[in-house]
Amino acid sequence: MKKNIGTKDRLARLILAIILFSVSFFIDNEIAKIVLIVISIISLLQAVIGWCGLYALLGKNTCPVK
C-alpha cells in the first residue's frame with residue numbers, strides 16, 4: 001500500500017480519533033458508543049499507517065512524497 005495521507009491529514013485524523021474515543025465515555029447509548037469507538041479506531045489506524053481506502057478509491061493523495 002502506497003501512502004496517500006499527508007502529515008497534516010494524519011495529525012487531524014489522530015486528533016479526531018482521540019476526541020471521538022474520549023466522547024464515547026460520556027454517551028449512554030451503547031450503539032452510539034460502539035460506533036464512535038469503531039470510527040476512532042479506523043481513524044487511528046489510518047493516521048498510523050498513512051493510507052486511506054476512500055482516498056485510494058477517489059484517486060486523492062495528500063502525501064507530498066509520491
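Modeller: The protein chain has 3 helices and 0 strands, in the order α-α-α from the N terminus; helices (H or I, at least four residues) and strands (E, at least two) are DSSP runs, numbered from the N terminus. This is a predicted model, in which local features need pLDDT of at least 70, side-chain atom pairs count only at pLDDT 80 or more, and totals for chains, interfaces and linings use all residues. Residues are numbered from 1 along each chain as its sequence is written, and side-chain values use heavy atoms, with hydrogens and water left out.

Of the 66 residues of the protein chain, 26% are buried. Buried means under 20% relative accessible area, exposed over 50%, and partly exposed in between (1.4 Å probe, protein chains only).

The part to examine is α1, which has 18 residues and spans 26 Å from first C-alpha to last, close to the 26 Å expected at 1.5 Å a residue; the expected span is 1.5 Å times one less than the number of residues. Its buried residues are D9, R13, A17, L20 and S24. Seen down the axis of α1, they fall within an arc of 80 degrees, so they line one face of the helix; the arc is that of the directions from the helix axis to the C-beta atoms. The face turned away from this buried side carries the exposed residues T7, K8 and I18.

Cover for the buried residues of α1 includes α2 (30–49) and α3 (53–58). D9 has a relative accessible area of 18% and is therefore buried. Leaving aside neighbours within four places in sequence, D9 is in contact (heavy atoms within 4.5 Å) with Y55 and T62.
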